[in-house]
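This report covers helix packing and strand pairing in one part of a chain. The sequence and structure come first.

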Amino acid sequence: MKKINIAIIGGGSGCLAIMEMISGQRPRQIQMHLVGIADINPEAAGIKKARLSNIYTTFDYHDLFNIPKLDLIIELTGDPKLSQTIQHEKPDHIQLMDQRMAGLFWDFNRLDEEQLHADEEIKKRSHELRASEKEALRQKMTAEGIIYGSPTPMFVIDKSHKITYWNKACEKLTGFSSEEMIGTDRQWEPFYDHKKPLLADVIVDNDPETIRKATKNMELHKSPVVEDGYESEYFLPHLGPEGTYLYINAAPIKDDEGNIQGAIVAYQDFSERVKMTQAIKASEEETRRQKKTAEGIIYGSPTPMFVIDKSHKITYWNKACEKLTGFSSEEMIGTDRQWEPFYARKRTTLADLLIEGDTDTINDLYKDMKLRRSAMVEGAYEAERFFPHLGSKGTHLYLNAAPIKDDEGNIQGAIITYQDFSERVIMTQKIRRREAFVLNLIQNSIDGIIATGSKGDIGIFNNGAAKILGYAPEEIIGKMTYPEILSEKTGQAVRESFYSNKHGPKGKIINMEVDLLNKAKEPIPVRFSGTLLYEQEKEVGSVVFIQDLREVHRLQKEKEQAQRMAAIGSTVAGVAHYIKNILAGLQGGAYVINSAISKKDLALVGKGWAMVERNIEQIGGIVTDMLIYSRQRTPDYQKIDPNELASEVLELMEEKARIAGVTLVRDLQPGITKVSMDRTGIHNSLLNLIGNAIDSCTLEGIVNGGGIVTVKTDRPRGRGIRFIISDNGTGMDEKTQKKLFADFFTTKGYKGTGLGLPVTKKIVEEHGGKLTFKSTLGQGTVFTLMLPEKHLQADGTLQ
Amino acid sequence: MPEKILIVDDDPDIVLFLSTVLKDNGYRTIEATNGQEGLEIVRIEHPDLILLDLMMPKKSGISLLSDLKNDPDSKKIPIIMVTGVSGETGHDLASFFKGSSTGDQDSKAMIPEGYLEKPVDPEKLLGMVKKLLQSA
């Protein structure tokens, strides 16, 4: 530790503060030591205090310079001149701290002290805290230790039913480790094969009604030892390989205010005791049993059975009975535990009552068992019952209990045989459930579903059918037959379809559209699907599904109407544009004629008139196109030589091609037979396609007669006729190709109506043919017009 | 000597109409039915103004316009594009030409001095022709 000797000049309040600071300082690296004070006033507070503390004082500060080993003078007079003087006069080894510095120093020191004080406080507090935590932990560990180390199997659940403790002994008892159990609500798992609340859960829930019930059902009684605790004895068949007998004690865990925070359960296993007893009994019985090998028949019988004697003890418990109950004959014979496989708690069984001859009680106790006297065996009873405790899901048993009488007619025992019909019951339930499901499905389907028997009598008529046809199901079912809801015509059509391959294979109808008659005898359009039902190749009825098409038809009509309106809209726009151009031509012609008349130039009149005529012709053309396009028409079929037709059109196009500098190439397959087609329609179509091909060669990029248009005819696979019109013109980009068949789309400005290709396509499709194309921008386009083979009949209609 | 105006159009009706309008108003007209022919006539006849259709066989109006404007001998001849391609058919020629005027030197050469949409209004045509011939 380093020591600093300090002297102070000026004995006022500052001096007192520093004195206090020095005297109150804690042990540190540097220890301050006050060795002298100077002040001209001998009554100054600092001087007085120093005198009391035996510290050197003087009125002349120069005296301080002589104090041995003085390290620091603190000047507190606040006189800057004095500070300067001292600075000059003081010996070199003494440092000077003026009033300002001293103030700062004091502040720092005070802060430092406060920090130290705070640190100490924290240290103290945390120490206390740690001590209390340790105590809590110790207590907890003690409690835990008690539970954990206890030889009694125990577990604890909290109020949310989660396991918080599961001790070593409990692990051993249940075979479930605390690691897998703690934090879960699986406390039921070691004890039962399905989830059910344990006594602990009941206690935590603290529902008086549940507790009351549990008390009744579980032979539960209040613990005489533990406050609010319950006790019970159980045999838990699922615990351990042979089941376990347990004595159970469960009690709530309450907080200081008496609220239940959890429950603790302790077990005591008394299986060992029971086993010992049984073993002793069994060995006694063994000898007896072996003597009676004659009864081996019983033992070997596939029917579960057991026999009790007059004293209610089991004398036989056969192999099948072992299998049924899971209880071995070794453990059963000689005991009166015949109730045990069948009931949760001990009770008098039918066999016992038979021996007592207590028919009144039999009738009373077994009221719910559908008990009846056996028709076959004198004095015997038969019953059916569901035993919920037998087997993992309970067992349905048919049982027959017959008394065994001696020669004198005295009852010597009783024999009980069983028949397990669980499988049948489960199947019945399953079928019933599935039937209910199907019935539900049928009843609630939006589609109408109707089923009939072999004579057309209606057996199923669901809500959907009722809604479509306006009948209530009860008006129909069992009262009406098919012909009454089918018109005569429809009935015939439906029968025909069922027995032919029309609308789906024989015996079925798929999506046939027919009219059914509703209650008001109005025809209702429906989509009709159905199937005939067969049993061993004999028709036994039918099921049909009907969908109401009224809404569908209404929507279809609306859609068609909307489409027509849209078409009219675009037609008006397209036509207006084209007419405007024709009008301009007519105006031009009129202008030329006027000019010619005023100049008396007859030749010019002729030219102007020709111009007017050409435009009138154009109006004629567009009107024809529009008529073709707008009207649904059937082609006027004639036998036509396709090559002749193509040649005719090519000739017409010669002039146009010549002006455009385009070469027309004919590639007509010789010897093509005549094909049925509409002459005008296909003529116009070819004119259109060849005209387009020439136009595409005259646009930008093809110069000086480089354009070639080829017209090819052939009959692929010898059927129909194919016209292929190809050009090496501009081709089309994808955008143009997409819009190609759209109405009034044109790339030819005012020269095109945009109707050519739609009209051509329509004509071809009216023939049942196909118009397709392939185009590459900058390379050309190929159009294929394919007409199918049609055969004209003598009367001019198509076959 | 009246000014000589070349009409290039493949539609004889248009040619007849335009030539009648122009002749009635004191101009001389010469005619060509495609771009190729038009180019040859320009080189021989040196017209004072050209009315040019846009789409024609053999050589389009655009192609001819480009040739003429790139040739020092003919680039000063005012050209009026006469076109049926209008906003209604999806091609806006006004903005097409405006678009090229913001481009480089080559496309700048493509700008015609005027353009008219078909159907051509005689008054409009005459006004434009007069104005262009005066400023030439």
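A crossing is called left-handed if the near helix is turned anticlockwise from the far one by less than a right angle, and right-handed if clockwise. The crossing of α23(A) and α25(A) is left-handed. The model is predicted: local features need pLDDT of at least 70, side-chain atom pairs count only at pLDDT 80 or more, and totals for chains, interfaces and linings use all residues. Residues are numbered from 1 along each chain as its sequence is written, and chains are lettered from A and ligands numbered from 1 in the order in which they are written.

Helices (H or I, at least four residues) and strands (E, at least two) are DSSP runs, numbered from the N terminus. Axes are lines fitted to C-alpha atoms, for helices over the stretch in contact, and angles run from 0 to 180 degrees between N-to-C directions. The axes of α23(A) and α25(A) lie 9 Å apart, at an angle of about 140 degrees.

The residues in contact (C-beta atoms, placed from the backbone, within 7 Å) are these:

| Helix | Range | Contact residues |
|---|---|---|
| α23(A) | residues 679-698 | G681(A), I682(A), S685(A), N688(A), L689(A) and N692(A) |
| α25(A) | residues 756-766 | G756(A), T760(A), I763(A) and V764(A) |

Chain A also has an open sheet of 5 strands in the order β24-β26-β27-β29-β28, with mixed pairing; two strands pair if DSSP finds at least two bridges between them. β24 (662-668) and β28 (770-776) of chain A are at the edges with a single partner strand each, so one side of each has no neighbour in the sheet. β26(A) and β27(A) pair in the antiparallel sense over 6 bridges.

Terms used. Two residues are in contact if their C-beta atoms, placed from the backbone, lie within 7 Å.
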